Amino acid sequence: MSFQIKTSAEPYDVIIVGSGAGGGMASKILSEAGLSVAVVEAGGDFDPAKEEDRTQLRPPWESPRRGAGTKIRPFGDFDQAIGGWEIDGEPYTRKDGTQFDWFRSRMVGGRTNHWGRISLRFGPNDFKRASIDGLGHDWPIGYDELKPYYDKVDKLIGVFGTKEGIYNEPDGFFLPPPKPRLHELFIKKGADKAAIPMIPSRLSMLTRPINNERGVCFFCAQCNRACQAYADFSAGTCLVHPAMKKGKVDLYTHSMVRKVTTDDQGKATGVSFISKVDMKEYKLKSRVVVLGASACESSRIMMNSKSKSYPNGIGADSGVLGRYLHDSTGASRSGIMPDLIDRERYNEDGVGGMHMYTPWWLDNKKLDFARGYHIEYWGGMGQPSYGAGGGMDAMRKYIKDEFGNPSPNGGYGEGLKKDIRRIYGSTLGMSGRGESVPMYDNYCEIDPNVVDKYGIPVLRFHYKWTDQEIKQAKHMQDTFEEILTGAGATLLGEKPGPDTLYGLAAPGRIIHEVGTTRMGNDPKSSVVNSNCQAHDCKNLFVVDAGPFVSQADKNPTWTILALSWRTSEYIVDQLKQKNI
Amino acid sequence: MNRRENLKLLFTGSVGAGLLLTGCEPEQEAVQGQLMTGGTPGGRTDEEKLRDAKLLEETFFTEEEKKKLSTLVDIIMPADSESPSATELKVPDFIEFMMKDQPNNQTPMRGGLMWLDFEADEKFGKPFNELTKEQVIQIVDLVAWPEKAAPEYIGGVRWFNMLRNLTCSGYFSTEAGWKYMGYMGNQANVWDGVPQNVLDKHGLSNPEKYSDLFLKPEDRAKVAQWDEEGNLIG
């Protein structure tokens, strides 16, 4: 084989690193403008419509582990996020006894293949938090700048929901939402009593078609397995593959980018990557380089892009590259609903996520913490697979016989089997997802002592929650109890207290990490400008969540998509004007 | 073919998948021939295929242990008029696989199975596998009831909880388990809300505010169109 060829002769117009939400959107918009594009992806190609890639609708007995998670698929054997918290040969480290867990997906479409499809716009306040509470910093752009792109994303990709007219939860172009499930109606009773709003969710799943290329949802609840009908959004099925069909887009898979190459004038000239296939180094050339490798991975590439022109790496002289890393907060609680024991059976799969949710509803000026959270709900008659019938050593006592006597915990036999059937579908719960305050001291940097198996220096994390997040988690726990109790549920487990930071998940665990290449007008306090263009390297752009100045209590994907679209249009414009 | 096309071929064609196996030892290559015979299907990486095949080839439980396990899983999930027993559903094979897939459970599981012989010898002067059904139940009862168990059996209770969980996992994740549970999903359908009789039974109703906005099944084939304010008009 001709492995001696290590440099491509003809440059592309644009090289995009990463094929997730940001890279995928860039590949579509840039190729539609007629540009030649290379998408460089660290994992393999993936298409859920191909039988060999399909896990949707497979019953658990097709898996020897009955769908249990593995290291490479922590969310289950059929989940379509290949990678996980720890990837063999691709380590990361932590500093000063702090914790940050880094979730990566190595595949076309990245983490969009399995995510919850919760597709929320940031609201006007979410771009100007510092002006409201004096903490952190404002974005250099506001909702008005992004609104046209959110509108376009809604129509291109599809999202269901309802127009609510809530100021900081902007409405969009919504498809009809599905009706609630039974446990959601019970929970709504509790939320109503507590005067907490609960509205139809906003998820990027096609309850009706938006074009003739993608199918509609057939309600299997398995969006995390990626949809063979393309009825949910993932970057591979909705952006990268369509772009490859229509435009000049080449996809390089199993290709791990080491650095952005630059010339003596400090211009990016392309990327250097290691092929996982033969473990050799290759170079691609381009007029523009776009990083969409995920917030931390893109900042890692910039840190490692050292050269004569950039002795500390690209963007490093800002002093904030890798800084202000922040993830959403998360805490949960569950209960059991006596009214749902012995419930009637019907197909309750629905869409792959909740049908109703709670947007942030309070004013932080009247609270002892700065930022809000939304609440996600779960429960119902889900597919029995690994874990089914579990926990009866503690749960069986909630089942009562006809005389009101509780079953004993544990046990065995026909009685246990019947009790498991009786309790099925009666547990429910909720999780808060909140906004944290971005901190200079929460960061990733290059670990000077560790490299991955490709010889690329790895990231070292330093992250601590502040009192703001801890008090927010405490508030979540109080709210969860109020809703569950009001709904008529019996609370399960002990209420998480200060010893566990009120059940606050470790940083990174909610997989909404952002902020490491944040945007701003001042090159001394930001890595990229308001067009996501590196201050110190005019033909280098970042299209993942790295440029976020603050991560609202919303899931970041819809904003990544809108920003990437806007950045891509800016790139086309700047190329036309010969500014880059 | 220019240089870029050549390079492109290297990474975009069929070359990528499969080449990761090139460095394999001879026995790994032998395993490779058996891929997809029992491993999970659907978008597997080469590492996953190799791992599944390797785990399926290995044996964890001894014959004696497997016999103990079969006795126990059928006590936990016996056959009844509606459903088969755990051994009929091959639950021991599932537990065997899980021991290799999640090796942290190996020591506690093996420890629990060994304890059975200690207890059988103490009480009846025989190995566990030679006990009568009644004698077996006497031993199981020592550890099967977390709230009634004597304090000295707390370790055994923990082990039996694990065994109960694994048995239930292996039982209800089968076609017969789904049937017993009454699970009706995992198939294409149209969700149109909770059935009316179920709503009535619980005294609940869909929020009226949204009754015109919820998906109507008959609209599922119509391509969505909006006015400029985002109202659905078609």
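The legends below describe close-up views of a predicted model.

**View 1. Crossing of helix 1 and helix 5 of chain A.** Two packed helices are described by the angle between their axes and the distance between the axes. Helix 1 of chain A spans residues 21-32 and helix 5 of chain A spans residues 235-246; their axes come within 9 Å and cross at roughly 30°. Because angles under 35 degrees count as roughly parallel, helix 1 of chain A and helix 5 of chain A are described as roughly parallel to each other. The crossing of helix 1 of chain A past helix 5 of chain A is left-handed.

**View 2. Residues in the contact of helix 1 with helix 5 of chain A.** Helix 1 of chain A contributes A:Ala21, A:Gly24, A:Met25, A:Ser27, A:Lys28 and A:Ser31. From helix 5 of chain A come A:Ala235, A:Leu239, A:Val240, A:Pro242, A:Ala243 and A:Lys246. By residue class, the contact comprises 7 nonpolar, 3 polar and 2 charged residues.

**View 3. Strand 11 of chain A and its pairing with strand 14 of chain A.** Strand 11 of chain A, residues 329-336, is mostly covered, with 6 of its 8 residues buried. Strand 14 of chain A, residues 427-434, runs antiparallel to strand 11 of chain A and is joined to it by 8 bridges. One of the residues shown, A:Gly330, has A:Arg433 of strand 14 of chain A as its bridge partner.

**View 4. Pairing of strand 11 with strand 17 of chain A.** Strand 17 of chain A, residues 490-491, pairs with strand 11 of chain A over 2 bridges in the antiparallel sense. Here A:Ile336 stands opposite A:Thr490 of strand 17 of chain A.

Notes. Residues are numbered from 1 along each chain as its sequence is written. Chains are lettered from A and ligands numbered from 1 in the order in which they are written. This is a predicted model: local features need pLDDT of at least 70, side-chain atom pairs count only at pLDDT 80 or more; totals for chains, interfaces and linings use all residues. Axes are lines fitted to C-alpha atoms, for helices over the stretch in contact, and angles run from 0 to 180 degrees between N-to-C directions. Helices (H or I, at least four residues) and strands (E, at least two) are DSSP runs, numbered from the N terminus. Angles under 35 degrees count as roughly parallel, over 145 as roughly antiparallel, 65 to 115 as roughly perpendicular and the rest as oblique. A crossing is left-handed if the near helix is turned anticlockwise from the far one by less than a right angle, and right-handed if clockwise. Two residues are in contact if their C-beta atoms, placed from the backbone, lie within 7 Å. Ala, Val, Leu, Ile, Met, Phe, Trp, Tyr, Cys and Pro count as nonpolar, Asp, Glu, Lys and Arg as charged, and the others, Gly among them, as polar. A residue is buried if 20 or more other C-beta atoms lie within 10 Å of its own, exposed if 12 or fewer, and partly exposed in between; C-beta atoms are placed from the backbone. Two strands pair if DSSP finds at least two bridges between them.
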